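User: I would like to learn how to read helices, contacts and voids in a model like this one. Please give the general idea each time, then the case at hand.

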Amino acid sequence: MAHAEVEERQLLKAMTWWDGFVIALANPGFLIAALGASIGVLGTTGAFVLWTVSVCIGALQNNVYAEMATMFPQKAGGISLYAHEAWRKYFAWIGPIATFGYWFAWSSVLAINGYVIGTLAQAQWFSDTTFTQDVGDFQWSLPVWIGIGCIIAVWLFNIFGVRPAVWLSYVTGGLLILPAAALMFLPYITGDWSSDNMTWEIGTGGGLGLAMTWLYFMGWSAYGFEAVAAFAPEYHNPETDTPKALRASAAFSVVVYALLPLGVGGTLGTAAIAEDTTAIAFYTDAFNAIVGTALGHVLVGCLIAGLLLSMNTATMDGSRALYGISQDGMTTKWLGRLNRYSVPGIAMTLDVILNLLLISYFGYPLDILAAGNLGYMLAHVFALSGFLLLRKDRPDWPRPIRLAAAWVPIAALLAAVNLAFIIVGGFIYADKYGYGWDKTRIGLIVLAVGLLLYVYRKVVEDHTRVPFREETPTMPPADERQTAAAAPAAL
């Protein structure tokens, strides 16, 4: 009798740590999406201070994740998978909550930045176009149509393998450096920057409660460079490349997140930015003021390229998160399949469908951000607390990077701070500052869907009971590292 053998596809080892760092150049794109709204509420100085605080928190967290990444170099999907590994001994349902919330937040970047690109393009080149068509609760405007085109284009680059996606990252990442540098440094040279434009509005706007609410929302952007851990199995040497990429991306992001709000705010001032109802189009005014209209067109084009990089990173990270969730038995097996180019094609396509709905339903990027932020921030809380559990439960587990003992209380403090942001920003002040309990409710619904898919996987596909706790090993399987070394290389 003849037997058909099916070769199981694996993620290709096609990336270096530098590739991961280039992918993380997307992070300024996340800042660009939310900076205008933050300045309008917090003032230019307030936004500068809080963005700097938020990105420094993210950098500290990245160092914690460097140790965890070297413990689990074969796990695709990043920090939420580390959280699952740490918590499943105590409460297995933490895994699907962390992983599904993490995926939804990263996936929604496509809709957010697609809309931002559409708004920038309309403001710079199609300002006379006012086409808008509402169909029920869905909005079909020029920015939405441009965003939809960008979402589909990024999907096409990713669906054909990891190398086209990395090449796109190099091209768009290089272009992003130009407008970012212009906003960070040129205003001081041209004389457009003025200290008179720096204002502090936090005290009059709401004080500590307002600040903590915004730190809750800023985490979605300022922590995003942890995404490089999601590609651990695709690095040539995961145990060294992953922590290098994490630390390099953190250092770069700290500089950008501090200097870009300072440069933009000192150039335009709070009032000019707050008057922009889109919270996006003001960038065209900033470029025109700094370099003139002609070069302003060029820099807006480069900025759009940088936002495409952010969308590319989100597609890569979100699809790996879904793939990793499935591989770890937390959602349907259907999402754990790789296409013939050895990338999670089904997961990417699901991302596209979701974001086509998001971009046409929500009329403002911050609304989409708020809907996904609850799950993302919870993933950080569970990952940071998971670091403590792994230190306690698996002291002998191989750690190519082992942080000093002082990092244990630092991780505990970071977890507590992020939990406080969630409670204050996501629940207590959800309505007071206009961001809406309805957005938090959407986040809770997403987490509930994740739990339902977890139950479906266990009961229907695995034909087993739904566990509340799982047995965990104290050491990795003996053949795990040999399997990692034997993974196929990219051609």
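User: Is helix H1 mostly covered or mostly uncovered?

Analyst: Start with the terms. Buried means under 20% relative accessible area, exposed over 50%, and partly exposed in between (1.4 Å probe, protein chains only). Helices (H or I, at least four residues) and strands (E, at least two) are DSSP runs, numbered from the N terminus. Now the case. H1 spans residues 17–24 and is mostly covered, with 6 of its 8 residues buried. The buried ones are Asp19, Gly20, Phe21, Val22, Ile23 and Ala24. This is a predicted model, where local features need pLDDT of at least 70, side-chain atom pairs count only at pLDDT 80 or more, and totals for chains, interfaces and linings use all residues. Residues are numbered from 1 along each chain as its sequence is written, and side-chain values use heavy atoms, with hydrogens and water left out.

User: What do the totals for the protein say about helices, strands and buried residues?

Analyst: The protein has 18 helices and 2 strands. Of its 491 residues, 61% are buried. Contact means heavy atoms within 4.5 Å. Among contacts between residues at least 6 apart in sequence, 84% join residues at least 24 apart.

User: How do I read a helix crossing, and at what angle do H1 and H11 cross?

Analyst: Axes are lines fitted to C-alpha atoms, for helices over the stretch in contact, and angles run from 0 to 180 degrees between N-to-C directions. A crossing is left-handed if the near helix is turned anticlockwise from the far one by less than a right angle, and right-handed if clockwise. The axes of H1 and H11 come within 8 Å and cross at roughly 35°. This crossing is right-handed. H1 brings Trp17, Gly20, Phe21 and Ala24, while H11 brings Asp241, Lys244, Ala245, Ala248, Ser249 and Phe252. For classes, Ala, Val, Leu, Ile, Met, Phe, Trp, Tyr, Cys and Pro count as nonpolar, Asp, Glu, Lys and Arg as charged, and the others, Gly among them, as polar. The contact of H1 with H11 has 6 nonpolar, 2 polar and 2 charged residues.

User: Which residues of H2 meet H11?

Analyst: H2 covers residues 27–42 and H11 covers residues 238–274; their axes come within 10 Å and cross at roughly 35°. The crossing is right-handed. On H2 the residues are Asn27, Pro28, Phe30, Leu31, Leu35, Gly36, Ile39 and Gly40. Their partners in H11 include Phe252, Val256, Leu260 and Val264. By class, the contact has 13 nonpolar, 6 polar and no charged residues.

User: Where is threonine 242, and what does it touch?

Analyst: Threonine 242 is in H11. It counts as buried because its relative accessible area is 0%. Leaving aside neighbours within four places in sequence, threonine 242 contacts Ala69, Ala229, Ala232, Tyr235 and Asn237. Threonine 242 and glutamate 67 lie 175 residues apart in sequence and 9.6 Å apart in space, C-alpha to C-alpha.

User: Is threonine 440 buried or exposed?

Analyst: Threonine 440 is buried, because its relative accessibility is 4%. Its place is in helix H17, residues 437–461. Not counting residues up to four places away in sequence, threonine 440 touches Leu374, Gly426, Phe427 and Ala430.

User: What is the phi of histidine 463?

Analyst: Most residues other than glycine have a negative phi. Histidine 463 has a positive phi of about 55°, although it is not a glycine. Histidine 463 sits in the loop between H17 and helix H18 (480–485). It counts as exposed because its relative accessible area is 68%.

User: How many cavities are there, and what lines the largest?

Analyst: On a 1 Å grid over the protein atoms alone, a cavity is a set of points where a 1.4 Å probe fits but cannot get out. A pocket is an open set with protein on both sides within 12 Å along at least five of seven lines; lining residues have an atom within 4 Å of a point. Grid points are joined across faces, edges and corners, and a volume is the space filled by probe spheres set on the points. The structure holds 5 cavities of 30 Å³ or more. The largest cavity has a volume of about 50 Å³. Its lining is Phe30, Ala105, Trp106, Val109, Trp220, Gly224 and Tyr376.
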